[in-house]
Structure formats: structure tokens, C-alpha cells
Amino acid sequence: MADRDGFIWYDGKLVDWRDATTHVLTHTLHYGMGVFEGVRAYETPRGPAIFRLQDHTDRLFRSAKILGMNLPFSKDDINQAHLDVVKANKLQSCYFRPMAFYGSGKLGVAPKKDDVQVIVAAWPWGAYLGEDGLEKGIRVKTSSFTRHHVNITMCKAKANGNYMNSILANNEATADGYDEALLLDVDGFVAEGSGENIFIVRKGKLYTPDLTSALEGITRDTVVQIAQEQGLEIIEKRITRDEVYSADEAFFTGTAAEVTPIRELDRRAIGEGTRGPITAAIQQKYFNIVKGLDAEHEHWLTYVK
Ligand code: PMP
């Protein structure tokens, strides 16, 4: 990853990819106190376009506020940084990683408050859970690791340290031969995947867990809007794992994971064990929107000119 050509936006400047480094005493490297985003740009008939950029930047700033972290740049600066890295790296489509972290100014648990650094990197990235997964669905395992409790870490912040829990869960699931983990909340109800929100379909209605301990996913919100436009009923409620077992369809949503069908949970086939028709329709609409093929949702696209 470090050994590439290209440019990374680093504290307001485009820096050569190989020079975008930081000191080993970087506070966030030690304690995980930082915030980040995952954003995508897709190739469209009018060139690359960033999907829901303002919503991602807004969430980055909300995450920082939750952690009490002051970002030394404006939202406009961060939006512009995304456009600059696409152009500088001559990308047609990409995944972006904006991140704010504490530097090496001080290593006590309490960081030096004004020592916040920000990067925006971008690189080409295909289907996160595989092209095959998008088409046929993935195999998921309920994790032995519980999702965060609302008063231990802050679930609404997309915070670096929160992802230790995600990594433990994902490593466990993939080591056991599954594609992804499903995490339950502290009360045993379905929360989310290691990097995805979850939906199930039953008798033509869509269900998704409330956001108590799940990230407020931008793809989740996109899917809710698509489903509403398609006249589907969406119910936000506590969901149990046996409701997932017996669902007609299930799918994960996320910027990286896009709309990925779940064909199996804990060795139980979901529905027919393939991508279901409602999932397929939502997935199709999602890809049309992000790829600039849907005039009604152009407002979600920021074109890189
Ligand atoms: N939950 C978690 C834990 C995530 O990391 C992500 C990815 N950001 C999501 C849900 C989905 O969020 P979004 O659709 O905004 O990418």
C-alpha cells in the first residue's frame, strides 16, 4: 500500500504517495482516537462522480464532534481535497479514505488538542466482498464478538478504535471460511456487519435494525430512499438472528460493500440461498444511481471536472 505512485492530500497539500508518512509516536497509532470515512467515486458518462460526498463529510465532522476532536479544516476544504486527489491521481473510479488523527506532539492518554492532522487518500478498489458475492450472495457467521455498547465507545462516530471490534469479528468469520461476520448488540439483537448495515426482507417488506448500536450508514439511507420510491414498506426495529434465518432475503449495505446479498447465515440458507428479487431490484437501482444512469438522483453525485 505504501509502495505506490500517486498523491495523497495531507494537511492541505498534495504529497507524493511514498512521502505521506507519519512518526511512530503518532498518538492515534497508539490509542485509536481518530475519525475516518469511506467514500466512493464511480465512473459515469460524464466522468468520475463522488457519491454523497457532502453526507460523508458531514458524518466525518459529526464523528469528530462526538470524540471532541477539532478538525483544522472546513467541510469545503475536505470536499475539495476529494476532488483534488481524483484529479491528481487521474482516477476514473476509486475508494477514498479521509481520516483525521492526532499527531506525535504528546503521547499521554490525553492528546495535544491542537495536534490534529488530516489526510484524504484515494485508490481504485473493486467489489469489497467480491464480484461473485454481489451476484450470488455471501456466507455470513454470527460473531462471538458483541457490537459496541453505546456508553463504551460511541457507536455513531466512525472512529478508528471502534474497528478493533470489527477486525476481530471479521477475522474470526473469515478464518472459519465465511465471507463476513454479523454482530449482535449487548442485548443479543442483530446490530450490523463488521463494516455494513443489514436489511432483511419478509413477505415483501423490508426490515432493518434501529441505529442504537449500528453506524448510521449512508448506503442504508440510500437504500431506504430507493425502497420508499419503489413503494416498499420499511420497518426499523429490533431484529433477532432467527428472524434473519427465516427471512426471505437478506443483504448488507455499505460504501465498500455496496448492496451485497447474504445467501447464508450460520449454515442456514436464506430464502432460496441466492440473491432474492427485491435485493436484486434495489441493487440494480443502487448501481444505476452511483454510476450516473439515474437522472432523478443526480443530486447525490459530485462530478469531478
Ligand atoms: N457499519 C459499519 C460498522 C461500517 O464500518 C460501515 C461502513 N462505513 C457501515 C455500517 C455502512 O456505512 P456506509 O453505508 O455509510 O458506508
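This briefing walks through the ligand site, the pocket and the cavities of the structure above. The model is predicted, so to speak of local features a pLDDT of at least 70 is needed, side-chain atom pairs count only at pLDDT 80 or more, and totals for chains, interfaces and linings use all residues. Residues are numbered from 1 along each chain as its sequence is written, and side-chain values use heavy atoms, with hydrogens and water left out.

**The ligand and its shell**

- The ligand is surrounded by 16 residues, the closest being Tyr163, Glu192, Ile218, Thr219 and Thr255; a residue counts if one of its heavy atoms lies within 4 Å.
- The shell is made up of three nonpolar, eight polar and five charged residues, where Ala, Val, Leu, Ile, Met, Phe, Trp, Tyr, Cys and Pro are nonpolar, Asp, Glu, Lys and Arg are charged, and the others, Gly among them, are polar.

- Threonine 219 has a side-chain N or O atom 2.5 Å from an oxygen atom of the ligand.
- A polar contact here is a pair of N or O atoms within 3.5 Å; within protein, one must be able to donate a hydrogen and the other to accept it, and residues adjacent in sequence count only if both atoms are side-chain atoms.

**The largest pocket**

- The ligand sits in the largest pocket, meaning that more than half of its atoms lie within 2 Å of the grid points.
- This pocket has a volume of about 1,200 Å³, taken as the space filled by probe spheres set on grid points joined across faces, edges and corners.
- Its lining has 49 residues, with Phe36, Tyr95, Arg97, Met99 and Trp123 closest to the centre.
- By class, the lining divides into 22 nonpolar, 18 polar and nine charged residues.
- On a 1 Å grid over the protein atoms alone, a pocket is an open set with protein on both sides within 12 Å along at least five of seven lines, a cavity is a set of points where a 1.4 Å probe fits but cannot get out, and lining residues have an atom within 4 Å of a point.

**Cavities**

- The whole structure holds two cavities of 30 Å³ or more.
- The largest cavity has about 50 Å³ of space, and its lining includes Lys158, Tyr163 and Glu192.
- The second largest cavity has about 40 Å³, with Ile218, Thr219 and Thr255 among its lining residues.
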